[in-house]
Structure formats: structure tokens, C-alpha cells
Amino acid sequence: MSISMAQVVEILRAAGEDTRMRVLALLAQEELSVLELCRILDQSQPRVSRHLKLLAEAGLVERFPDGAWVFYRLAAHGPGRAMVDAALAPIDPAGSEARADAERLGEVRAERAAEASAYFARNAARWDEIRSLYVAEADVEKAIIAAAGPGPFRGLVDLGAGTGRMLTLLGRKASSALGLDLSQHMLNIARAETAKAGLDHCELRHGDIFFTRLPDASADLVTVHQVLHYLGDPAAAVAEAARLVAPGGRLLIVDFAPHRLEFLREAHQHRRLGFSDAEMLRWLSAAGLEGRVEADLPPAKDGGLTVKIWTGRRPASVQRSAA
């Protein structure tokens, strides 16, 4: 994409400052909230917000409010993105400042993981009960079955398997089924549930939704059920899930519509307060899938959450090589 000399100057002026380069380097790794950036950079919120404003005005970062929080990420498109990538590429990650920022980012991630792990440990045994407070589970599962399609599936992969409910719901239609989760408490419950259901072909593994280590195009059906709202970079998780979808297969995502229930952040470790159709469909399209809104399920009671179901289908004509 060709841009004018004036645009180049504007982009360089916006990025050409120590703190702003540090911000860009951090956002290249994942989306972060303003408060997280303040902590990593060890700077005040007004100062960090001013840097972010300049970067946003130059089209280098995207700002998106999420309830009372505000998150930032690198702009996905536009003339500035290629320049940012080129500027960050030669930076030595072992340099003192880059290394210190990486260490503090690691501390932020570790705290998030510890909080989530503690939450899962406290609530693993009643996870399905907690979910049922927000929406009628029977209606959701009926819609999930319809969205998944009749099968049979040669391979089913469930990312963030939790208690194994997607495996017990859809596993009988699959020749092989695999569930990944970072929580050993959840994996233990999922193993018990799949065994109780007689699903001997279901395998449960400790695994990272951002880096599954599974081959490209390895499943006809990939499910991500009520997981994305916990993640620091849900777009990256969608991209990794989409990578696993075979030609003619589909990715099925279940999560919440945008809402304002702020207490879910602290009480239940929700990082994002739901997702819009436009946002989800954009992520699916960027991952090479044909996105579609499958269901919009209102809450079972006043003040509850609306559950959304989206699918992304990979055209059967697309050929993908095995990793």
C-alpha cells in the first residue's frame, strides 16, 4: 500500500519516542489494558494514556473500551502496521529495557494465570452450576448441536475443555476427540465425565489454546466454549483454533454478547465483557473462515447474559498442508 510522505512523517513522529516504542513492542505480543501498561512501564496513567492517544491518532494502535476497562492492541490493518512491524523487527529482545519490559509483562501474565487457576480450583466442581446461572443450559446445548451439524466427524478438538461438556455432548459423533485445558482440576473433572459417559475415545491433555502444538487442518470440528472472555488475546486464540479446521470443517464458538456486568471481572475472572458479532466475524474472516452468527440466546432470567454462537467454516476447496 502506497502512502504519502506526510503520512510517513506522521507515523514516524508518533512512534519515534522511547516509551511509545516500548508500548508498540508490548502490544505486538498481546492486547493490554491501560492499567497493565502503566504497571509494566512504571509510569502514571495520564502519561501512558497520552502516549496511547498519540499512537491511536496515527493509526498505529486500536482502542476498545470493555466495560469500565480500556484495552489497546496494534492496528490490524493500515499503512502504519507494516512500518511498526519493520521498526520492531531489529530490536534486540535481550537489551536491558526490552528484557525488563518482558519480565514485567511476564509478571502480569503470571498474576492473571494464578488468579484464574485459583478461581478454577475453587469452582471446578460446580463449574456447570455457575454457567447455568446465566442462561438456560438445555437451550444452549440444543443450539450447539444444531450449529455443529449432523456429523460424523473424523476429528473433534475442544479448546479450553473445562468439565468436558462439549466432549460428552458431541463426542459420540466423532471418530476421535481431544480436549485441551490448562487447568488440571478441570482436566480431572473432564476425564471423570467422559469416562462416565463411556467415551473411551476421548483424550484429555494439558494444553495452551494459544499454542496447541496440533497439526494444521487436524479436525472437522473445533469448539471453543465459554473460554474467550477469560483471555488476554482472544483474537489470537480464534486464529489458532481456525488453523486446526480441516477443509469443509468448522469452528464453533460459544460466548457472551456484550454486557455491563462488571462484577464478573473480579468475582469470576472475566477479562472481556462479551463480544460483538462484528468483532467475532472479523476475527473469523481474518483466519480464513466463512463466519456466521448461528444463535442469539437471551438470558434465562432478568439481569442475566445473552449467549451467542458463531461458526466459521473452511471452504472444502481450500487445501492446507499438515504442519
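Start by selecting Ala217, which at 22% relative accessibility counts as partly exposed; the scale calls a residue buried under 20% relative accessible area, exposed over 50% and partly exposed in between, with a 1.4 Å probe and protein chains only. Ala217 sits in the loop between strand E6 (202-206) and E7. Its phi is positive, about 50°, although Ala217 is not a glycine.

The model on screen is predicted: local features need pLDDT of at least 70, side-chain atom pairs count only at pLDDT 80 or more, and totals for chains, interfaces and linings use all residues. Residues are numbered from 1 along each chain as its sequence is written, and side-chain values use heavy atoms, with hydrogens and water left out.

**The whole chain**

Zoom out and colour by secondary structure. The chain has 13 helices and 10 strands; helices (H or I, at least four residues) and strands (E, at least two) are DSSP runs, numbered from the N terminus. The radius of gyration is 21 Å, close to the 20 Å that the globule rule gives for 323 residues, so the chain is as compact as a globular protein of that length. That radius is taken over C-alpha atoms, and the rule is 2.2 Å times the number of residues to the power 0.38. Along its principal axes the C-alpha trace spans about 60 × 45 × 40 Å.

Of the 323 residues, 48% count as buried. Among contacts with a separation of 6 or more, 68% are between residues 24 or more positions apart; contact means heavy atoms within 4.5 Å.

**Helices H1 and H2**

Select residues 5-15 for H1 and residues 18-27 for H2. These two helices pack at an angle of about 95°, with their axes 7 Å apart. That makes H1 roughly perpendicular to H2. Axes are lines fitted to C-alpha atoms, for helices over the stretch in contact, and angles run from 0 to 180 degrees between N-to-C directions. Angles under 35 degrees count as roughly parallel, over 145 as roughly antiparallel, 65 to 115 as roughly perpendicular and the rest as oblique.

Which residues in H1 and H2 meet? From H1 they are Arg13, Ala14 and Ala15, and from H2 they are Arg20, Met21 and Leu24. The residues of this contact divide into 4 nonpolar, no polar and 2 charged. Here Ala, Val, Leu, Ile, Met, Phe, Trp, Tyr, Cys and Pro count as nonpolar, Asp, Glu, Lys and Arg as charged, and the others, Gly among them, as polar.

Stay in helix H2 and pick Arg22. Is Arg22 buried or exposed? At 13% relative accessibility, Arg22 counts as buried. Leaving aside its neighbours within four places in sequence, Arg22 is in contact with Ile40, Leu41, Gln43, Glu97, Asp101 and Arg104.

**Helices H3 and H4**

Next select residues 34-41 for H3 and residues 45-57 for H4; their axes are 9 Å apart and the packing angle is about 110°. H3 and H4 are therefore roughly perpendicular to each other. Val34, Leu35, Leu37, Cys38 and Leu41 in H3 meet Gln45, Val48, Ser49 and Leu52 in H4. This contact of H3 with H4 involves 7 nonpolar, 2 polar and no charged residues.

The loop between H3 and H4 holds Asp42. Asp42 has a positive phi of about 60° although it is not a glycine. At 67% relative accessibility, Asp42 counts as exposed.

**The Gly151–Pro152 bond**

Move to the loop between helix H8 (137-148) and E4, where Pro152 lies. A cis peptide bond joins Gly151 and Pro152, with omega about 0°.

**Helix H11**

Select residues 234-243. H11 is mostly covered, with 7 of its 10 residues buried: Pro234, Ala237, Val238, Glu240, Ala241, Ala242 and Arg243. What covers these buried residues includes strand E4 (153-159), strand E7 (219-225), strand E8 (245-256) and helix H13 (277-286).

**Strand E10**

End at Thr311, in strand E10 (residues 307-313). Thr311 is buried, with a relative accessible area of 5%. Leaving aside neighbours within four places in sequence, Thr311 is in contact with Ala147, Leu251, Leu252, Leu284, Glu290, Gly291, Arg292 and Glu294. How far apart are the C-alpha atoms of Thr311 and Pro150? They are separated by 14 Å, while the two residues are 161 residues apart along the chain.
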